[in-house]
Amino acid sequence: MIFDFYKLVEKHDLDIKGVVHVGAHECGEILLYSTLGIKDAILIEANPGRFSNLTKTIKEGRYNTWCSPLTYSQLPENLSSITSHYKVLNLAITDYNGEADLNISTHDGGADSLYKITKEGTDDSWCKYTHCDSVKVKCATLDSLDIPKHFNFLNVDIEGAELACFRGADKLLNQIDYILCEVQEVKRFENSCLESELIEFLGSRGFRKVDYIAGTSKWGDSLFSSK
């Protein structure tokens, strides 16, 4: 995350009972989640290599502190006892079940995507990267995962494929109170969605945008609420 998540939770009085994190990377956010006392999280990562590291992170009670190069720190025992129960899934989340080609970024910080990055996307990134390879991955809809009813917070960071994720989550969205989603004002990736499309789609499902945190001049994170 590129902002103070604790302040966001306090500002909007977010009552988070369970987190579904789509595009978890290596999930430095587990420090945030566990510190807030969130005992249930499903961490979903498409890149097999990152997923392997994420699995190791949960097993060893550590969290990712930085990228390029990747660095880690150990969680306090009271927090690692919480994160040890977090579930990890190696999937690309979209609007169908099957397989897809995942484009792999040259940068450890992320930007792997189902869509290829555009020149504008590269130029407006906080670090310069391209897609250097691709790998075939298993993909699924969120609704196919049968997520328990108490999970009410959805964190989505999948580099332009957010709308496809939500299209495959009609059932899940009925139980979600808050969505934190990376958004963009320009097409940073081929076929990717704009924030205006997300606002329209989520609005039709009863969500309204309540906050925005800028990443650069053309992308950032928006918080949506159904409450």
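Trainee: Over the ring of which residue does the charged end of Arg-205 sit, and how many Å is it from the centre of that ring?

Mentor: The charged end of Arg-205 sits over the ring of Phe-201, at 3.9 Å from the ring centre, where a charge counts as sitting over a ring if NZ of Lys or CZ of Arg is within 6 Å of the ring centre and within 35 degrees of the ring normal. Before going on, please keep in mind that this is a predicted model, in which local features need pLDDT of at least 70 and side-chain atom pairs count only at pLDDT 80 or more, while totals for chains, interfaces and linings use all residues. Residues are numbered from 1 along each chain as its sequence is written, and side-chain values use heavy atoms, with hydrogens and water left out.

Another arginine is arranged in this way: the charged end of Arg-62 sits over the ring of Tyr-72, 3.7 Å from the centre of that ring. The side chain of Arg-62 also makes a polar contact of 3.0 Å with the side chain of Thr-57 (a pair of N or O atoms within 3.5 Å; within protein, one must be able to donate a hydrogen and the other to accept it, and residues adjacent in sequence count only if both atoms are side-chain atoms). Thr-57 belongs to helix H3, residues 48-60; helices (H or I, at least four residues) and strands (E, at least two) are DSSP runs numbered from the N terminus. With a relative accessibility of 0%, Thr-57 counts as buried, the classes being buried under 20% relative accessible area, exposed over 50% and partly exposed in between, with a 1.4 Å probe and protein chains only. Setting aside residues up to four places away in sequence, Thr-57 touches Glu-26, Ile-30, Arg-62, Tyr-63 and Tyr-72, contact here meaning heavy atoms within 4.5 Å. Thr-57 therefore touches both Arg-62 and Tyr-72, and it is itself buried.

In one of them, the ring centres of Phe-5 and Tyr-33 are 6.1 Å apart and the planes stand at 75 degrees, so the pair is edge-to-face; rings of Phe, Tyr and Trp (its six-membered ring) pair if their centres lie within 6.5 Å, with planes under 30 degrees apart counted as stacked, over 60 as edge-to-face and the rest as tilted. Because Phe-5 lies in helix H1 (residues 5-12) and Tyr-33 in helix H2 (residues 30-35), this pair ties together parts that are 28 residues apart in sequence. Phe-5 is buried at a relative accessible area of 1%, and Tyr-33 is buried at 0%. Phe-5 and Phe-153 also form an edge-to-face pair, 5.9 Å from centre to centre and with 75 degrees between the planes. That pair links distant parts of the chain, since Phe-5 is in helix H1 and Phe-153 in strand E9 (residues 153-156), 148 residues apart. Phe-153 is buried, as is Phe-5, and together Phe-5, Tyr-33 and Phe-153 form one aromatic cluster.

Asp-211, in strand E11 (residues 208-214), is buried with a relative accessible area of 13%. Its side chain makes polar contacts with the side chain of Lys-11 at 3.0 Å and with that of His-12 at 2.7 Å. Beyond its neighbours within four places in sequence, Asp-211 is in contact with Leu-8, Lys-11, His-12, Asp-221, Ser-222 and Leu-223.

Two backbone positions deserve a separate look, given that most residues other than glycine have a negative phi. Cys-27, in the loop between strand E1 (19-22) and H2, has a positive phi near 55 degrees and is buried, at 1% relative accessible area. Asp-146, in the loop between strand E8 (131-140) and E9, likewise has a positive phi near 55 degrees, but at 61% relative accessibility Asp-146 counts as exposed.

As for the whole chain, there are 8 helices and 12 strands. Buried residues make up 55% of the 227 residues, and among contacts with a separation of 6 or more, 69% are between residues 24 or more positions apart.
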